[in-house]
Amino acid sequence: MEMKSKETPKVTYKLTTKDFRQINMRSLFLNQVGWNYERMQGSGYLYILMPQLRKMYGDHTPELKGIMKMQNQFFNTSNFFNTIIQGIDLAVEEREGYKSLETVAGLKAGLMGPFAAIGDSLFAALVPAIMGAIAANMAIQGNAVGAVLWMAVNFVIMWFRWIQLKFAYKQGVNLVTSMQEQLSALTDAATLLGVYVVGALAATMVNTQIVWVAHLGKMTVNFQSQIDMIMPKLIPALIVGGIYWLLGRKRMTSTRAIFIVIIVAVILSALGVIGKAA
């Protein structure tokens, strides 16, 4: 990820109102562009910031290539809070330039999980459930205010997404200004948070267990129960660890790893060895 060079040019470009408008427009309508199972929103994140990154680092420069590679890595968060991360990202990059690469990568990894949980809980579940029920009930009764109310709620949400970018950018500038000597600690903290989030996701999202039960005479051995006595969630941990090891092999890509996991899972499931946890 790091670019080997003796001296890195300092970023001299400052973001303008036009830049913020362009980022917000792309974020509102094209955030999911290029979505895929390997990087999820990673390509969309890079697309949203690409014009500003070119202005900061210049076209066809080693710095731009390195930043693009980092920004195109796995990323997935709530659509309602993604511009907060982008605002902080741009503030740090504008201030620190290419040497902020690891800091930005750590911030993205550490913040995307918490913001995904908060944003989706509030704006993808709670608000639509409450306001949608009110608006739908009014519409069923023939009250046109119900449709207007639903549109108004969505416009308010879009307005909220619009203003948060510049707010996050300003706070990000203050952050790197007041913590100039603590950026390395911030990087370590963000990276640690990212690892913690990945670990929590592995334990909660990988719902695989050993369903094969051995019959030894009159005795039945439930391997999953025995494994849980040793360490709960050991199977998900081993699966994640195995995939991590697999990705470190030569000429192994994420796409190949995905196909290998699918094939192995189908075979073991057909044989009755593994299954989904209840």
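**Exercise 1. Determine the handedness with which helix α1 passes helix α2, and describe how the two helices are packed.**

*Solution.* Step 1. In this predicted model, α1 passes α2 in a right-handed crossing. A crossing is right-handed if the near helix is turned clockwise from the far one by less than a right angle, and left-handed if anticlockwise. Helices here are DSSP runs (H or I, at least four residues) and strands are DSSP runs as well (E, at least two), numbered from the N terminus.

Step 1. Two packed helices are described by the angle between their axes and the distance between the axes. For α1 (residues 17-30) and α2 (residues 42-57), the axes come within 8 Å and cross at roughly 160°. This makes α1 roughly antiparallel to α2. Axes are lines fitted to C-alpha atoms, for helices over the stretch in contact, and angles run from 0 to 180 degrees between N-to-C directions. Angles under 35 degrees count as roughly parallel, over 145 as roughly antiparallel, 65 to 115 as roughly perpendicular and the rest as oblique.

Step 2. The contact (heavy atoms within 4.5 Å) joins D19, Q22, I23, R26, S27 and L30 of α1 to Y47, I48, L49, P51, Q52 and K55 of α2. By class, these residues comprise 6 nonpolar, 3 polar and 3 charged. Ala, Val, Leu, Ile, Met, Phe, Trp, Tyr, Cys and Pro count as nonpolar, Asp, Glu, Lys and Arg as charged, and the others, Gly among them, as polar.

The model is predicted, and local features need pLDDT of at least 70, side-chain atom pairs count only at pLDDT 80 or more, while totals for chains, interfaces and linings use all residues. Residues are numbered from 1 along each chain as its sequence is written, and side-chain values use heavy atoms, with hydrogens and water left out.

**Exercise 2. State how the axes of helix α4 and helix α5 are arranged, and list the residues that make the contact.**

*Solution.* Step 1. The axes of α4 (residues 82-96) and α5 (residues 101-140) come within 10 Å and cross at roughly 165°. The helices α4 and α5 are therefore roughly antiparallel to each other, and their crossing is right-handed.

**Exercise 3. How many salt bridges does a search of the whole structure find? Describe the one between D19 and K55, and then two others.**

*Solution.* Step 1. The search finds 4 salt bridges. A salt bridge is a side-chain nitrogen of Lys or Arg within 4 Å of a carboxyl oxygen of Asp or Glu. Side chains of opposite charge can pair when their charged atoms come close.

Step 1. The side chains of D19 and K55 meet with 2.8 Å from N to O. Since D19 lies in helix α1 and K55 in helix α2, the pair ties together parts that are 36 residues apart in sequence. D19 is buried, at 0% relative accessible area, whereas K55 is partly exposed at 38%. Buried means under 20% relative accessible area, exposed over 50%, and partly exposed in between (1.4 Å probe, protein chains only).

Step 2. D59 pairs with R54, their closest N and O atoms being 2.7 Å apart. D59 is partly exposed at 41%, and R54 is partly exposed at 42%.

Step 3. E96 and K99 form a salt bridge of 3.6 Å, N to O. E96 is buried at 10%, while K99 is exposed at 63%.

**Exercise 4. Is A257 buried or exposed, and which residues does A257 touch?**

*Solution.* Step 1. A257 lies in helix α10 (residues 254-270) and is buried at 4% relative accessibility.

Step 1. Leaving aside residues up to four places away in sequence, A257 touches L246, L247 and M252.
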